[in-house]
Amino acid sequence: MPAKDVLVIGLGYVGLPLAVQAARAGFRVTGYDTRPEVTGGLMAGRSHVDDVTDAEVAGMLAQGFRAVCDEALAGTADVIVICVPTPLSVADGPDLSAVKAATATAGRLLRAGTLVSLESTTYPGTTDEVVRPLLEKASGLSAGIGFSLAFSPERIDPGNPEYGLRNTPKIVGGVTPSCADAAADFYGQICDQVVRAKSAREAEMAKLLENTYRHVNIALVNEMAIFCRELGVDLWDAIRCAATKPFGFQAFYPGPGVGGHCIPIDPNYLSYKVRTLGYPFRFVELAQEINGRMPGYVTERAAELLNRNAQALNGARVLLLGVTYKRDIADQRESPARPIARKLRRRGAAVAFHDPHVAQWQVDDVIVPRADDLDAAVAAADLVILLQPHEAYDLARIAGTARLLLDTRGAMPAAAHVEAL
Ligand SMILES: NC(=O)c1ccc[n+]([C@@H]2O[C@H](COP(=O)([O-])OP(=O)(O)OC[C@H]3O[C@@H](n4cnc5c(N)ncnc54)[C@H](O)[C@@H]3O)[C@@H](O)[C@H]2O)c1
């Protein structure tokens, strides 16, 4: 007998698409979020997440979906899914306060037979060592006997038109085999394929392995980009050639730095856990160092390019194109555009930005002027820096109008005044 009531705790980039998919699969879905603007917007039919349309929210509401910001209105559920943020603390360690608060909520709402699934990315052991005792204490029930507890990492790729929640295999790891059964049964109804991990720990590690793999490989090409230029090698072309190998190679590309949640933040959770063993996770720390240096490198390259044109960065009008962390989405979390704007401003540049997905942008509480007329802004800038090649950009047209252009994505057509990172 399938579970019928699903409560999603945390209605952000992960929780909202999950709520949509669960509603589509026929579950009665309630969403609980502590931010009233989120729940109020959803109840008014407005989505605040790139991958969910207003029409999808309207569809869910028509099916009985409710978004509440008062825990007392959440009701009980057969399945409770926790999708709250896992940021870093001031000391760059894991900040599990939202996970603990959401677990406390789940503990209060839990009843015999409930499945609790944690989707927030975290270090291996969190489900078993942090979430489980809190739930058991709050409910007086035991995991695997009175209720089920599992970890199921979210693997969404915001803005990806091909792979969404439904057709991306879903990993589930239970704290006991019966917990894994319950989680596999639930996710099997909303995803095409469920992959069972040996336990919650392996499921937690699988997500961190995926993120660390990307982090390290991006750092590899970023480091190569810096020395390839000095060696007179076009790395973009080398990657294009290497990527023709049908096995054993996956292409990663250099860029202005890493953004979003998965790459710059999540691997810290793993290095934190490794440090408890008394030694560092050197690959992650090196990747962090290399990727973290890219905004500074972009700023240096901007200064150099202007210098070759007998101009100084100090006083130059610099236009940043695309300030989100990824193309074709509005999410700005950890976007490298921010440190780049900060560094350019510190060196005296007059920085403006254009982004079809961002209406207003502030760096260090100072508003960055937004260029509304793209053509005019590109023509007026001393230097244009392409940070995000959004679909909406006509790159050939931009390259045709710009006086000087630094292309951090290798996306622009070659020209004398255009330089790739
Ligand atoms: N965004 C992604 O692409 C992505 C992909 C994979 C995994 N993740 C992971 O999923 C988790 C959630 O990320 P996200 O991007 O959805 O974050 P988000 O910030 O978009 O959404 C989280 C939501 O949780 C709410 N919240 C915080 N504390 C709460 C509480 N105690 N009770 C109820 N609601 C609460 C916030 O108000 C917010 O709306 C993180 O661990 C993240 O690393 C994110």
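Is D192 buried or exposed, and what is its relative accessible area?

Author: D192 is exposed, and its relative accessible area is 54%. On this scale buried is under 20%, exposed is over 50% and partly exposed is in between, with a 1.4 Å probe and protein chains only.

The model is predicted, so local features need a pLDDT of at least 70 and side-chain atom pairs a pLDDT of 80 or more, while totals for chains, interfaces and linings use all residues. Numbering starts from 1 along each chain as its sequence is written, and side-chain values use heavy atoms, without hydrogens or water.

The partner of D192 is R166: the two form a salt bridge whose closest N and O atoms are 2.9 Å apart. A salt bridge here is a side-chain nitrogen of Lys or Arg within 4 Å of a carboxyl oxygen of Asp or Glu. D192 belongs to the loop between helix 6 (177-190) and strand 8 (194-196), and R166 to the loop between strand 6 (148-151) and strand 7 (170-174), so their contact ties together parts that lie 26 residues apart in sequence. Helices (H or I, at least four residues) and strands (E, at least two) are DSSP runs numbered from the N terminus. R166 is partly exposed, at a relative accessible area of 33%.

The structure holds 31 salt bridges. One of them joins E136 to R132, at 3.3 Å from N to O. These two residues are four places apart in helix 5 (residues 126-139), and therefore about one helical turn separates them. E136 is partly exposed at 24% relative accessibility, and R132 is partly exposed at 21%. Both also belong to a network of salt bridges that links D128, E129, R132, E136, R201 and K273. Another pair is D328 and R327, where the closest N and O atoms are 3.2 Å apart. D328 has a relative accessible area of 26%, which makes D328 partly exposed; R327, at 37%, is partly exposed too.

Further along is S335, in the loop between strand 9 and helix 11. With a relative accessible area of 5%, S335 is buried. Apart from neighbours within four places in sequence, S335 is in contact (heavy atoms within 4.5 Å) with G259, V323, T324 and Y325.

Helix 11 (residues 337-346) packs on a sheet and touches strand 9 (317-321), strand 10 and strand 13, with its direction at about 180 degrees to that of strand 9. Such angles run from 0 to 180 degrees between N-to-C directions, with axes fitted to C-alpha atoms, for helices over the stretch in contact. The sheet is open and has five strands, in the order 10-9-13-14-15, with parallel pairing. Strand 10 (350-354) and strand 15 (418-420) are the edge strands; each has a single partner strand, so one side of each lacks a neighbour in the sheet. From one strand to the next, the twist averages 20 degrees. Within this sheet, strand 13 (residues 383-386) and strand 14 (residues 405-407) pair in the parallel sense over three bridges, pairing being counted if DSSP finds at least two bridges between the strands.

Another parallel pairing involves strand 1 and strand 2 (residues 28-32), which are joined by five bridges. V6 has V29 in strand 2 as its bridge partner. Four of the five residues of strand 1 (residues 5-9) are buried, so the rest of the structure largely encloses this strand.

Most residues other than glycine have a negative phi. A310 is not a glycine, yet its phi is positive, about 60 degrees. A310 sits in the loop between helix 10 (282-308) and strand 9, and it is exposed at 73% relative accessibility. D364 likewise has a positive phi, near 55 degrees. D364 lies in the loop between strand 11 (362-363) and strand 12 (366-367), where it is partly exposed with a relative accessible area of 44%.
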